[in-house]
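I opened this entry to record what I looked up in the model. The notes follow in the order in which I made them.

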Amino acid sequence: MTGPALSAAHSGPDSGEVDLRHHGDAEVRGTDPAELTDLAVNVRAGTPPAWLKERIAGSLDGLAAYPDGRAARRAVAARHGLPVRRVLLTAGAAEAFVLVARALRARRPVVVHPQFTEPEAALRDAGYEVGRVLLAERDGFRLDPAAVPDDADLVVVGNPTNPTSVLHPAGVVAALARPGRTLVVDEAFMDAVPGERESLAGRVGELPGLVVLRSLTKTWGLAGLRVGYVLADEGTVAALERAQPLWPVSSPALAAAEACCAPAALAEAAAAAEEIAADRAHLLARLAGFPAVAVAGPAAGPFVLVRLPEATAVRAGLRARGFAVRRGDTFPGLGPDWLRLAVRDRATTDRFVAALADVLGDPAR
């Protein structure tokens, strides 16, 4: 199973070992939401909506029965215009990474970084030596298919990518697909992009080896429920399903998945994506007023990645002023000068900017 490590396309002092299991929730776990504004976790604020809570609550009367995922699976398939056999419901996208690592054989797995670290962690846990392709700030953290070694037979890339918020063109990502290679595209934040432009979900079964992962956690505020899904060809879905435990997705999570694929829910998600884009533009405009703050991008997700001197001290200063932000040094390819900020409403952004100005010694801003 294990093959030799691949050389990174870009190497440097940040390409060594990092804590792949550190995630944004560590910044706010056990804290009082009234005392600490969460900019560290990329779950949309004010969620889940009341109608979704009602659907989930309504499923509780059926908890005596084992979960039946057929309706939810049909709903996801219809939402993407795919056959049901190309859909697999999972306990969040994180479970899907574990299934990929355990069920799909590879000789030379590669993860494109900086990106969500669970895919690499899952592959390592499955016994693989994982190659890294490190995208560079000087290139805007944009993907160059030529940077991925030709003999890589399992490639993982995020789109839009967490934490850089870069949205790679669909054609660029699709150029990585080829016979004999599994191409895993993490689209956990794609529904936060207006029009879901650049998604490859509709090309599952057409592009060889394409596996698309989706999450319902971010837009709908369901991190605690654990629900996501995989889109892939029938053979891959069958292999992943065999690696799952029995009844892996709970009845409440299945009810949520079905509800979130309804036309009214999709319209609400589309409107939320437009609102996020506007709120992100406001955040970027305010950050532009700080000469010391460099923003990666252009940003397309519900978060932005920023570089600034002494970011560790800045993070501590922001926390003392009531704001939790995500450290960047646990992402391969980044370092201690990076922070990730979740996009919030304009009033929250304005309060954050005032706190940042105070930390940076620019109280007039």
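**Helix 4 and its surroundings**

I began at the end of helix 4, which is followed by Gly127, a residue with a positive phi near 100°. Helices (H or I, at least four residues) and strands (E, at least two) are DSSP runs, numbered from the N terminus. The model is predicted: local features need pLDDT of at least 70, side-chain atom pairs count only at pLDDT 80 or more, and totals for chains, interfaces and linings use all residues. Residues are numbered from 1 along each chain as its sequence is written, and side-chain values use heavy atoms, with hydrogens and water left out.

I then asked why helix 4 is largely enclosed by the rest of the structure. Six of the eight residues of helix 4 (residues 118-125) are buried, where buried means under 20% relative accessible area, exposed over 50% and partly exposed in between (1.4 Å probe, protein chains only). The buried residues are Glu118, Pro119, Glu120, Ala121, Ala122 and Leu123. Their cover includes helix 3 (92-103), strand 3 (109-113), strand 4 (131-134) and strand 5 (154-158).

**Salt bridges**

I searched the whole structure and found 21 salt bridges, each a side-chain nitrogen of Lys or Arg within 4 Å of a carboxyl oxygen of Asp or Glu. Glu120 is buried at 0% relative accessible area, whereas Arg124 is partly exposed at 32%.

Next I noted the salt bridge between Arg214 and Glu196, with closest N and O atoms 2.9 Å apart. Arg214 lies in strand 7 (residues 210-215) and Glu196 in the loop between strand 6 (182-186) and strand 7, 18 residues apart. Both residues are buried. Salt bridges with shared partners join Arg79, Glu187, Glu196 and Arg214 into one network.

**Domains**

I took the domain bounds from an automatic or database domain assignment: domain 1 (24-47 + 267-360) and domain 2 (50-265). Their C-alpha centres lie 24 Å apart. In contact (heavy atoms within 4.5 Å) are 29 residues of domain 1 and 33 residues of domain 2. Between them the domains bury about 2,500 Å², 62% of it on carbon and sulfur atoms; this is the accessible area (1.4 Å probe) that two parts lose on being put together, summed over both. Ala300, Phe303 and Pro332 supply 23% of the area that domain 1 buries against domain 2, more than any other three residues. I found one salt bridge across this interface.
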